[in-house]
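Here is a short report for a first look at this structure. Keep the sequence and the 3D view open while reading.

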Amino acid sequence: MSQSMAWLMLVIAGALDVGWAISMKYAEGYTRAGWSIASLLLLAAFVFLLGRALQVLEVGVAYSAWTGIGAAGTFLLGVVLFGETLSAMKLAGIALVLMGIAALKLP
């Protein structure tokens, strides 16, 4: 697998991680069957893709990027879907996370 394909898998895994976190919120403590099943399927999918990406990418870089994508995406969807608070300082923090991910991709 190429580096580009591994990075693509990692980004998709990060997006699935966001979906997993949001589905856990909707599952309400795994008391809602449909959302609970969706949560477990998303979990399995992102773990699979993360594992494939780790075959090519450095573990520290890949894991850091994956968690950053998940954190940034979950934060933004929390604001949009659940009305969670948004401030200039939080946006600055997310911008720093995203810049850190971009820096990890550099040689």
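## Ground rules

This is a predicted model, in which local features need pLDDT of at least 70, side-chain atom pairs count only at pLDDT 80 or more, and totals for chains, interfaces and linings use all residues. Residues are numbered from 1 along each chain as its sequence is written, and side-chain values use heavy atoms, with hydrogens and water left out.

## The chain as a whole

The protein chain has 4 helices and 0 strands. Along the sequence the pattern reads α-α-α-α. Helices here are DSSP runs of H or I with at least four residues, strands are runs of E with at least two, and both are numbered from the N terminus.

The C-alpha atoms fill a box of roughly 40 × 35 × 15 Å, taken along the principal axes. Of the 107 residues in the protein chain, 30% are buried. Buried means under 20% relative accessible area, exposed means over 50%, and partly exposed lies in between, with a 1.4 Å probe and protein chains only. Take the contacts in the protein chain with a separation of 6 or more: residues 24 or more positions apart account for 68% of them. A contact means heavy atoms within 4.5 Å.

## Helix α1

Helix α1 covers residues 3-27, 25 residues in total. From first C-alpha to last it reaches 35 Å, close to the 36 Å expected at 1.5 Å a residue. That expected span is 1.5 Å times one less than the number of residues.

The buried residues of α1 include Trp7, Leu10, Gly14, Asp17, Val18 and Ile22. Their cover includes α2 (33-53), α3 (59-82) and α4. Serine 23 is also in α1. Serine 23 counts as buried because its relative accessibility is 1%. Leaving aside neighbours within four places in sequence, serine 23 is in contact with Trp35, Ala38, Ser39 and Leu42.

## How α1 packs

The axes of α1 and α2 come within 8 Å and cross at roughly 160 degrees. So α1 and α2 are roughly antiparallel to each other. Their crossing is left-handed. By class, this contact of α1 with α2 has 19 nonpolar, 4 polar and 2 charged residues. Ala, Val, Leu, Ile, Met, Phe, Trp, Tyr, Cys and Pro count as nonpolar, Asp, Glu, Lys and Arg as charged, and the others, Gly among them, as polar.

The axes of α1 and α3 are 8 Å apart, at an angle of about 40 degrees. α1 and α3 are therefore oblique to each other. Angles under 35 degrees count as roughly parallel, over 145 as roughly antiparallel, 65 to 115 as roughly perpendicular and the rest as oblique. The crossing of α1 and α3 is right-handed. Residues making the contact include Trp7, Leu10 and Gly14 of α1, with Ala65, Trp66 and Gly73 of α3 among their partners in the other helix. By class, the contact of α1 with α3 has 17 nonpolar, 5 polar and 2 charged residues.

## Lysine 90

Lysine 90 lies in helix α4, residues 88-105. Is lysine 90 buried or partly exposed? Lysine 90 is partly exposed, because its relative accessible area is 35%. Not counting residues up to four places away in sequence, lysine 90 touches Phe75 and Thr85. Lysine 90 and phenylalanine 75 are 15 residues apart in sequence and 9.1 Å apart in space, C-alpha to C-alpha.

Key. Axes fitted to C-alpha atoms, helices over the stretch in contact; angles between N-to-C directions. Left-handed = near helix turned anticlockwise from the far one by under 90°.
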